[in-house]
Amino acid sequence: MNPMPKEVNKMSEELYSHVISILVENKAGVIQRVTGLFTRRGFNIESIAVGESEVEGLARMVFVVKGDQKILEQVIKQTNKLVDVVKVKDLDPENSVKRELCLVKVKTEDDKSRSEIMQYVDIFRAKIVDVCDNSLTVEITGSPEKIDPFIRLLKPFGIKRIARTGMTAVPRGRG
């Protein structure tokens, strides 16, 4: 008689996008060292935004990483071990302000299409930042949940170029 196989109770954790803010020394090679760590550990980076911080000599890197809680903990532990890293923080989605910038260059073959695009720009609170004879360049900021539908609406007109910055974020309130 064969024993019945034991059921394994595996809780499959869902994968979530985590926004991680990393304060680093603003010097050559730091981005490479941090992204190299992510690569070596098999962490998938969805987006990176890097720029000067409020502290002279320090830069802020904002990563969006998709994974479960275990992956998030590993990212934070491993990143904290790097010499050039000053501080690592997982930003709470409920207590942070997150935005992405997107530039979309779209064809405008006639006045009707130009007018329709301008209506979409108004509805989505975007901005026209460049006008040419046969195209408009639009700037939109917000979450991917705002930007993606805007892009879908513009596709039928013919998108010439899209440039997205990736997510950047800061915590709400004090600090």
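Predicted model: local features only at pLDDT ≥ 70, side-chain atom pairs only at ≥ 80, totals over all residues.

Tutor: Start with E46, which forms a salt bridge with K66; their closest N and O atoms are 3.9 Å apart. That distance falls inside the cut-off, because a side-chain nitrogen of Lys or Arg has to lie within 4 Å of a carboxyl oxygen of Asp or Glu. E46 belongs to strand β2 (residues 45–52) and K66 to strand β3 (residues 58–67), so this pair ties together parts that are 20 residues apart in sequence. Both residues are partly exposed: E46 has a relative accessibility of 38%, and K66 has 40%.

Next comes R164, a residue of strand β8 (residues 159–164). The side chain of R164 meets that of E100 in a salt bridge, at 2.8 Å from N to O. E100 is in strand β5 (residues 96–107), and the two residues are 64 apart, which makes this a link between distant parts of the chain. E100 is buried, at 7% relative accessible area, whereas R164 is partly exposed, at 35%.

R164 also forms a salt bridge with D148, and here the closest N and O atoms are 2.8 Å apart. D148 lies in helix α4 (residues 144–154), 16 residues from R164, and this pair too links distant parts of the chain. With a relative accessible area of 28%, D148 is partly exposed.

Elsewhere, salt bridges join E25, K27, R33 and D84 into a network. The count for the model comes to nine salt bridges.

Key. Residues numbered from 1 in each chain as written. Heavy atoms only, no water. Helix = DSSP H or I, 4+ residues; strand = E, 2+ residues; numbered from the N terminus. Buried < 20%, exposed > 50% of the residue type's maximum accessible area, 1.4 Å probe, protein only.
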